[in-house]
Amino acid sequence: MASKGAAPSTYTPTPTKKTRPPIFSDSDVDWLRPDGRGFHQCRPAFFRTGAVNSAAGSAYAEFGNTKVIVSVFGPRESKKAMMYSDVGRLNCNVSYTTFATPVRGQGSDNKEFSSMLHKALEGAIMLETFPKTTVDVFALVLESGGSDLPVVISCASLALADAGIMMYDLVAGVSVSCLGRNLIIDPILEEETFQDGSLIITCMPSRYEVTQLTISGEWSTAKLNEAMELCLDACSKLAKIMRSCLKEAASASQD
Amino acid sequence: MGVPDASGDLSSEMEVDAFRRLFPLRYFERHLSESVRPDARPLGRARDTTLALGAVASAHGSALAKIGSTTMLAAIKMEVMTPSTESPDEGCIAIDFHMPPICSPIVRPGRPAEAAPVISKQLSDTISSSGMINLKELSLVSGKAAWIAYLDIYCLDADGALFDAALLSAVAAFSHLQIPIVSLNDDGKIVVILEEDDGTKLEKEPVNREKRKLTLSSIPFSLTCILHKNYILADPTAEEESIMETLVTVGLDSSSRLVSFYKPGGPVLAYTSAVQDCVALTRQRVKELQEILDEAISGMEID
């Protein structure tokens, strides 16, 4: 509750029980995930392209309570102040709605996501196909339900494909959390707050190339190997779902 | 000069498209003289409108409104504040309208759209002057605690008539709003009673057991029209708004009383007859919107 520093003028009334029982204690293995999934089971992924008509390409992604929209604009004229460039530029921005997080306005804490999104996509896009111009990738997290960044990245690569930007392959992102002795894939918000370590892989499954690998927290080498295997496998499955979404959209527009 | 004859082959198709880009005004006027718009609508007809309540699980009330391609997502979060000394038994509403960069090619990050603060102000004015919400219902403990309703509206896709869609999503979010049950703890702070605690002991009597829904007395709706020469075009698209710049927005409440009227400049001066025509179109539209809202609410109750 509001006890840090000067009392704010408004506050969110929090539940009476301040501490919930820890969802998991060190030795216990037969613990259930809050949404009843198996440890190595991802949330059902839903993708839809063409969510925003005024954009060149767009996609909407929904993984459980994580809901994201990405719009792609361009290739269009770079800003006047930009230097001449032989290759195209990629400009990324990730923002949160004020109601995305349980406490209002907390989403703006994730300032690093814009740059992470940029770095995850950069390697997959054929920048030389649109010299002197800029492609803008804007993401809005409508609701944050955990694993936001990998969902944003996957959704963004789908939006780029929808906009007809040339890419080597779709980029799929998956994260794994380490909780004590267990590895859980595609963690929800609650699990992320309890995690000891996290690993995010974004990769191009058909080329077997990793565009971004982020590890934070406490890991052992064996755990890390296992987690990477898990992530890469999930990425290739996720990319299949993304591909089928694109195919569906293409066949629907032909009819 | 007329539209080139569309004889079906690709070259003439290209010419129509080129004509549209090069002479947009003449392209539109050619349509208007036939009493039809490029998207095949008659002049006075609004686009298809849909409404979905409860789109955001993390908010206390939310709605997604779509008018044609224009999409608005509104969500309300309730927080507790100390009421001001002038009105100790009233809560308050804070309305903010956002145009994130995803919604339109014109908006870039760090450079907010000019239209956003204007629509924000228009929304607060319309909602407060319609008297839809009785601020006294937001009071919890007189002089000590009251609700502040943070209403945030995000434009997800901007294709004209932004205010109409924003207002529709806002009133729908208020009708979906479910106020959490709270009680007063020993420190005089308001705390939420978790729903699952209902069966077990309740240490404190809830402050607001009966007041979980707001009574919305007269709901405002609006319609934006374009005035161009003698034509009145209801519910314009972004393209129409960019070509013909005189807009009139009429807000009426459910009993057809005038709540707001905006005509922010523009080259066409509105005569009384044009204004009356706009109001008449709005009156018709309000009936449609009321039905759409009622349908969305009754759809929620069945679930």
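Biologist: Going by the rule that two strands pair if DSSP finds at least two bridges between them, which strand of chain B pairs with S1(A)?
Modeller: That would be strand S3 of chain B, residues 70-81. S1(A) and S3(B) run antiparallel, with two bridges. Bear in mind that this is a predicted model.

Biologist: Which residue in S3(B) is the bridge partner of Tyr11(A)?
Modeller: Val80(B).

Biologist: Zoom out to the interface. How many residues does the contact take from chain A and from chain B?
Modeller: Chain A gives 38 residues and chain B gives 38 residues. The area buried between the two chains is about 3200 Å². Carbon and sulfur atoms give 58% of that area.

Biologist: And how many salt bridges are counted between chain A and chain B?
Modeller: One. The side chains involved are Arg104(A) and Asp152(B), at 3.0 Å from N to O.

Biologist: How many residue pairs are in polar contact across the interface?
Modeller: The rule finds 15, both residues of each pair being at pLDDT 80 or more.

Biologist: Which strands of chain A supply at least two residues each to the side that touches chain B?
Modeller: There are S1 (10-11), S4 (66-77), S5 (89-96) and S6 (133-143). S6(A) has the largest share, with six residues.

Biologist: What is that side of chain A like by class?
Modeller: The side touching chain B has 18 nonpolar, 13 polar and seven charged residues.

Biologist: Change of topic. Where is the cis peptide bond at Pro75(A)?
Modeller: The bond runs from Gly74(A) to Pro75(A), and omega is near 5 degrees. Pro75(A) lies in strand S4 of chain A. S4(A) is also one of the strands supplying the side that touches chain B.

Biologist: What about Tyr208(A): is its phi positive or negative?
Modeller: Positive, about 55 degrees, although Tyr208(A) is not a glycine. Tyr208(A) is in the loop between strand S9 (197-204) and strand S10 (209-217) of chain A.

Biologist: Why flag those two spots?
Modeller: Because most residues other than glycine have a negative phi, and most peptide bonds are trans.

Biologist: Back to charges. How many salt bridges does the structure hold over all chains?
Modeller: The structure holds 23. One of them joins the side chains of Asp169(A) and Arg243(A), at 3.0 Å from N to O.

Biologist: What does that pair tie together?
Modeller: Asp169(A) lies in the loop between helix H2 (148-162) and strand S7 (172-179), and Arg243(A) lies in helix H4 (221-254), so the pair ties together parts of chain A that are 74 residues apart in sequence.

Definitions and conventions: Residues numbered from 1 in each chain as written. Chains lettered and ligands numbered in written order. Predicted model: local features only at pLDDT ≥ 70, side-chain atom pairs only at ≥ 80, totals over all residues. Heavy atoms only, no water. Contact = heavy atoms within 4.5 Å. Buried area = accessible area lost by both parts, 1.4 Å probe. Salt bridge = Lys/Arg side-chain N within 4 Å of Asp/Glu carboxyl O. Polar contact = N/O pair within 3.5 Å; in protein donor to acceptor, adjacent residues only side chain to side chain. Helix = DSSP H or I, 4+ residues; strand = E, 2+ residues; numbered from the N terminus. Nonpolar A, V, L, I, M, F, W, Y, C, P; charged D, E, K, R; others polar. Pairing = 2+ DSSP bridges.
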